[in-house]
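Dear colleague,

Please find below the structure that I am handing over to you.

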Amino acid sequence: MDPTLEYLFSPFFTIVLKNPQGVDITNDTTTATNSALPQKRKFYVHRSLLASLSPELEKHANNMKEGLGGVLELSDVEEATMKALLEWAYTKDYTIPNPTSASALPKHTKLYALADRFNIATLKDLVYSRITKLLTDLGKMKEAADIEALLLAITYAFDHLPSCTASSPDGIQAAPSERLLKHFAQYSAWLLNVLKDKKEFCQLLLSCTDFARAVLLVSRAAAAPPWVDRVGGIAEITVTLDGVPVTVRGQYPESGRPTYQGSVQLPFYCTSYGHSNSKTVTVNVQGHL
């Protein structure tokens, strides 16, 4: 017999979801206090298979209180998420509805968080690869439904995954070390021009400081100082020409983001004279343009 199938001879282990969402109340493994409000959902899995998924689950299946009783109770886990986990346990793959749609992001994220909860590294790697590929394929989202799904996924991730490393001596927390949180933060920063006008995104920034800080840490500095409209824009200053104060404008480089420290020579024209001038003026600037 194939040794990889030896788990079929092991006894079943019961996983009970307390107050699950999305339960089919017609299923005979569902118990309820009344016909309309399911309270528990039971799943059965071969004990040795469950124990093989991770050291954490091996403890639950064999050594801890749950192992002795053969029952593991979980809260805050949806039925669809547990189904995906067990499908992967038996087949090393999982399926979710509309896998190429942004609506799949929350489903992937919930499975990733469950895999993280029990330290199932192989499953985390698979789910992470699918989330990142989906975000790559979706590109810059514009549809309201897609952005809503993205924000649901981000909210769940920051609520259920370890969000920050240890604080520095000054009490400021570092950037998230968890790879999915970092990916969501960088994607959000890249999509900032779309997200910044969304009420839900602003509410998320206010309610989840870990996410707000993560986005801030991966966001680029402003393209130009406040006295310049944009890269390649105009800087206005006042100088004295032949004893007469005049307003001059200097144009910053169009390409790249050069760093200036100290003074820089800028071409200008005199608005008072109404024509271009080949002279230059020295302006003190620093930082990234």
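A patch, as the word is used here, is made of residues that have over 30% relative accessible area and no salt bridge, and nonpolar side chains are joined into one patch within 5 Å. Please keep in mind that the model is a predicted one.

With that definition, Phe-12, Tyr-44 and Tyr-90 make a nonpolar surface patch of about 320 Å². Of these residues, Phe-12 belongs to strand S1, which covers residues 12-18.

The next topic is empty space. Rolling a probe the size of a water molecule over the atoms shows where such space is left. The largest pocket holds about 370 Å³ of space. It is lined by 16 residues, and those closest to its centre are Gln-186, Ala-189, Trp-190, Leu-191 and Leu-192. Two or more lining residues come from each of helix H6 (121-138), helix H8 (179-190) and helix H9 (192-195). Helix H8 contributes the most, with five residues. Sorted by class, the lining consists of seven nonpolar, seven polar and two charged residues.

Finally, there are the aromatic rings. A pair of such rings is described by the distance of the centres and the angle of the planes. The structure contains three aromatic pairs. One of them joins Phe-158 and Phe-211 in an edge-to-face arrangement, with 5.3 Å from centre to centre and 70° between the planes. Phe-158 is part of helix H7 (residues 144-160) and Phe-211 is part of helix H11 (residues 209-218), so this pair ties together parts that lie 53 residues apart in sequence.

Yours sincerely

Terms used. Residues are numbered from 1 along each chain as its sequence is written. This is a predicted model: local features need pLDDT of at least 70, side-chain atom pairs count only at pLDDT 80 or more; totals for chains, interfaces and linings use all residues. Side-chain values use heavy atoms; hydrogens and water are left out. On a 1 Å grid over the protein atoms alone, a cavity is a set of points where a 1.4 Å probe fits but cannot get out, and a pocket is an open set with protein on both sides within 12 Å along at least five of seven lines; lining residues have an atom within 4 Å of a point. Grid points are joined across faces, edges and corners, and a volume is the space filled by probe spheres set on the points. Helices (H or I, at least four residues) and strands (E, at least two) are DSSP runs, numbered from the N terminus. Ala, Val, Leu, Ile, Met, Phe, Trp, Tyr, Cys and Pro count as nonpolar, Asp, Glu, Lys and Arg as charged, and the others, Gly among them, as polar. Patches are made of residues with over 30% relative accessible area and no salt bridge: like charges are joined within 9 Å, nonpolar side chains (Val, Leu, Ile, Met, Phe, Trp, Tyr) within 5 Å. Accessible areas come from the Shrake-Rupley method with a 1.4 Å probe; for residues, only the protein chains shown count as cover. A salt bridge is a side-chain nitrogen of Lys or Arg within 4 Å of a carboxyl oxygen of Asp or Glu. Rings of Phe, Tyr and Trp (its six-membered ring) pair if their centres lie within 6.5 Å; planes under 30 degrees apart count as stacked, over 60 as edge-to-face and the rest as tilted.
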